[in-house]
Amino acid sequence: MPSPIIPIRTLDKNGEEITTVGFTRFGFDSEVHLDVLRSLYLRPHYILTVGADDSEAEAVTKQEAQHAKFTAGLAAYQSKSIFHPASQSISYTTLSRFPPVRLLAPSARKRVLVTGGAGFVGSHLVDRLMLLGHEVTVIDNFFTGSKTTVSHWVGHPNFELVRHDVVEPFMIECDQIYHLACPASPPHYQFNAVKTIKTSFMGTLNMLGLAKRTKARFLISSTSEVYGDPEVHPQPEDYWGHVNPIGPRACYDEGKRVAETLTYGFHRQDGVDVRVARIFNTYGPRMNPFDGRVVSNFIVQALKGEDMTVYGDGKQTRSFQYIHDLIDGLIALMNSDETRPVNLGNSDEFTIGEFAELVREIVEKVQEEDGVKLPRRVQIIYKPMPTDDPQKRRPDTTRAKQSLQWQPRWTVRMGLEEMVRYYKAKMAEGSI
Ligand SMILES: O=c1ccn([C@@H]2O[C@H](COP(=O)(O)OP(=O)(O)O[C@H]3OC[C@@H](O)[C@H](O)[C@H]3O)[C@@H](O)[C@H]2O)c(=O)[nH]1
């Protein structure tokens, strides 16, 4: 894989530079250059909009010049978008070349189904699997996912995108199933609680049925929410949890709990080869800026100069993991022999109040680097605490370390900086 140069230095928790993500483990090579991955999601945030006096051609020329400056000659594998404020419209161009993918021997190439593959986590998994040379089919109902997250692969011979809702059966021949489909942000999953439970239960039932027939290995994305408002801290996998079965979060918490129960039912009864990832709070580029979760809310608020909304007194805690660490963990788990549930999360724990201050500081730093003058410092304001909001959360990742030799590498600061740059680009193109 060529290693193009993008002038961003990312240091891991030990101060070592991160140039690649992934690793060879359990006979599966998941390593790709970070710069190649970035070229799929990180647009230069200097995207120009068409000015009142600019023709579209002039705007494109200006945009290309800025683009070349930022990427130092690297082809960014994304369609270009040009925002026209006067008509509130956006023009997309098509890609002239797909990102280069590894050439694998047919015996090494896997046919992988990713449900929810146009979502935040799914699209990053798709990028990785595609760059590694596998054949990927995405099914998504686009309730919270978006075609734009995978549009750079549409038309590629190794890729297929299908609009499909997992509550209906789906037939395909495949070797591995990453079952990620389900809204994950509290406002989204509470929007239609019955549909969320249906998705968790019937979607998982359908995908397990498919795994049984095809003998594909099945991985489900479960969640730290199965621990509810935990009485044990940090949370190991053998903690059974503390969930309110009739509260507003139950559609998701109990939905995922029953999905895990189904998964182990098929495993014991039918010998389906299963993997269960309990994912803790994760953030990164392509997270829907309006999905209502804390990281996207805080960054968007700070970038727009609006007050940052802390719910409750801000003393509740969360531990935030960067998307690339999660994808490393998911791929390692899928290819390992570990059939027990595995926590995937970062153990760097923050109170939400502290986290708001950190996000504000990072947004200010990036704005300063870009020469943006802020009219005033954004304020942190307090709003009512949502019902049943867990008071603390931090993963015990001993099992992931022992079984997968996996530990998060990204510092929260590094991940946040990248996400701020991503959202700046989104704002520049008018989509935030
Ligand atoms: O604007 C906001 C948004 C959220 N918050 C608070 O920040 C904390 C984190 O909230 P989020 O909505 O980001 O996420 P939660 O931890 O509640 O749920 C998440 O848990 C793990 C995943 O499986 C799911 O993606 C999601 O359900 C909560 O205490 C919430 O009340 C704010 O203070 N302000």
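Select helix H5 (residues 193-214) together with helix H6 (residues 250-270): their axes come within 9 Å and cross at roughly 15 degrees, where axes are lines fitted to C-alpha atoms, for helices over the stretch in contact, and angles run from 0 to 180 degrees between N-to-C directions. H5 is therefore roughly parallel to H6, on a scale in which angles under 35 degrees count as roughly parallel, over 145 as roughly antiparallel, 65 to 115 as roughly perpendicular and the rest as oblique. The model is a predicted one, in which local features need pLDDT of at least 70 and side-chain atom pairs count only at pLDDT 80 or more, while totals for chains, interfaces and linings use all residues. Residues are numbered from 1 along each chain as its sequence is written, and helices (H or I, at least four residues) and strands (E, at least two) are DSSP runs numbered from the N terminus.

Stay with this pair and colour the contact. The crossing of H5 and H6 is right-handed, the term for a near helix turned clockwise from the far one by less than a right angle, with anticlockwise giving left-handed. On the H5 side the residues that meet H6 include Ala-193, Ile-197, Phe-201, Leu-205 and Lys-212, and their counterparts in H6 include Cys-251, Gly-255, Leu-262, Phe-266 and Asp-270; contact here requires C-beta atoms, placed from the backbone, to lie within 7 Å. The residues of this contact divide into 11 nonpolar, five polar and three charged, with Ala, Val, Leu, Ile, Met, Phe, Trp, Tyr, Cys and Pro counted as nonpolar, Asp, Glu, Lys and Arg as charged, and the others, Gly among them, as polar.

Next, select Tyr-227, in the loop between strand S11 (217-223) and H6. Tyr-227 counts as buried because it has 27 C-beta neighbours inside 10 Å, the classes being buried at 20 or more other C-beta atoms within 10 Å of a residue's own, exposed at 12 or fewer, and partly exposed in between, with C-beta atoms placed from the backbone. Leaving aside neighbours within four places in sequence, Tyr-227 is in contact with Gln-235, Tyr-239, Gly-241 and His-242.

Now show the ligand, which is surrounded by 19 residues, the closest being Thr-223, Arg-293, Val-294, Asn-297 and Tyr-311. Helix H7 (294-304) and strand S14 (308-311) each supply at least two residues of this shell, and S14 gives the largest share, three residues. By class, the shell has eight nonpolar, seven polar and four charged residues.

Nine of its 11 residues are buried, so H7 is largely enclosed by the rest of the structure; among the buried residues are Val-294, Asn-297, Phe-298 and Leu-303. The buried residues of H7 pack against strand S13 (282-283), S14, helix H9 (352-369) and helix H11 (412-428). H7 is followed by Gly-305, whose phi is positive, near 75 degrees.

Val-359, Ile-362, Val-363 and Val-366 in H9 meet Arg-413, Leu-416, Glu-417, Val-420 and Arg-421 in H11, a contact of six nonpolar, no polar and three charged residues.

Zoom out to the chain, with its 11 helices and 19 strands, where buried residues make up 44% of the 432 residues.

Note on methods:
Two residues are in contact if their C-beta atoms, placed from the backbone, lie within 7 Å. A residue is near a molecule or strand if its C-beta atom, placed from the backbone, lies within 6 Å of it.
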